[in-house]
Amino acid sequence: MNSIAMNTITIIDYRPELQPDFERINKAWVEQYFSLEPFDIAQLENPEANILDKGGHIIFAQEQGQVLGTVSLIPSKEPGIFEMIKMGVALEGQGRGIGFQLGKAILDKAKALGAQKVILYSNTKLAAALHLYKKLGFMEVDMGCSQYGRCNIKMEISL
């Protein structure tokens with residue numbers, strides 16, 4: 001009888017020594033589909049100043065010391081609303097439900113912070129990501145005005 005390995009993913013909070021993993025995972029998917037914008041570079045190279053110091057949070061999925069995925073949360077300009085940003089899963093971690101675990105964990109973090117709603121901006125060519133967001137409970141809403149050049153879809157979830 002074959003034994004099935006249990007999911008040994010641990011969700012951990014940002015630590016400065018994880019910055020290279022944050023940058024590596026996010027640069028890989030952005031560069032695969034788009035090009036890095038100035039705000040990407042600022043957030044990825046200095047997440048402390050550009051995410052954490054602005055009231056944001058970054059979490060990681062780790063397995064046996066290897067960082068396989070990450071996602072972040074930043075407060076919106078509107079009270080009670082946070083934006084989910086910089087979600088990525090390394091190639092070697094894809095297809096294992098890691099993105100879903102990260103999504104659930106960051107939504108729990110948003111609830112704990114008192115968020116009533118979480119929004120995200122994405123692109124319709126990221127079919128797997130959009131499927132994940134819908135599975136997490138996000139619904140497509142009117143795009144409105146986005147500061148992101150590559151985004152053509154906005155989604156939100158009420159908490």
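Visitor: Which residues in α1 are buried?
Guide: This is a predicted model. Buried here means under 20% relative accessible area. In α1, what covers the buried residues includes α2, α3, β2, β3 and β4. The buried residues are Q19, D21, F22, E23, I25, N26 and V30.

Visitor: How do α1 and α2 run, roughly parallel or roughly antiparallel?
Guide: Helix α1 covers residues 19-33 and helix α2 residues 38-45. Their axes lie 8 Å apart, at an angle of about 155°. Angles over 145 degrees count as roughly antiparallel. That makes the run of α1 against α2 roughly antiparallel.

Visitor: How many residues of the contact of α1 with α2 are charged?
Guide: From α1 come Q19, F22, E23, N26, K27 and V30. They meet D40, Q43, L44 and E45 in α2. Three residues of this contact are nonpolar and three polar. The charged ones number four.

Visitor: What distance separates the end C-alpha atoms of α1?
Guide: Helix α1 has 15 residues. At 1.5 Å a residue, they should span 21 Å. The end C-alpha atoms agree with that, at 22 Å apart.

Visitor: How many residues of β3 are buried?
Guide: Strand β3 runs antiparallel to β2, joined by seven bridges. It also pairs with β4 in the antiparallel sense, over six bridges. β3 is largely enclosed by the rest of the structure, because its buried residues number eight of the 10.

Methods
Residues numbered from 1 in each chain as written. Predicted model: local features only at pLDDT ≥ 70, side-chain atom pairs only at ≥ 80, totals over all residues. Heavy atoms only, no water. Axes fitted to C-alpha atoms, helices over the stretch in contact; angles between N-to-C directions. Helix = DSSP H or I, 4+ residues; strand = E, 2+ residues; numbered from the N terminus. Parallel < 35°, antiparallel > 145°, perpendicular 65-115°, else oblique. Contact = heavy atoms within 4.5 Å. Nonpolar A, V, L, I, M, F, W, Y, C, P; charged D, E, K, R; others polar. Expected span 1.5 Å × (residues − 1). Buried < 20%, exposed > 50% of the residue type's maximum accessible area, 1.4 Å probe, protein only. Pairing = 2+ DSSP bridges.
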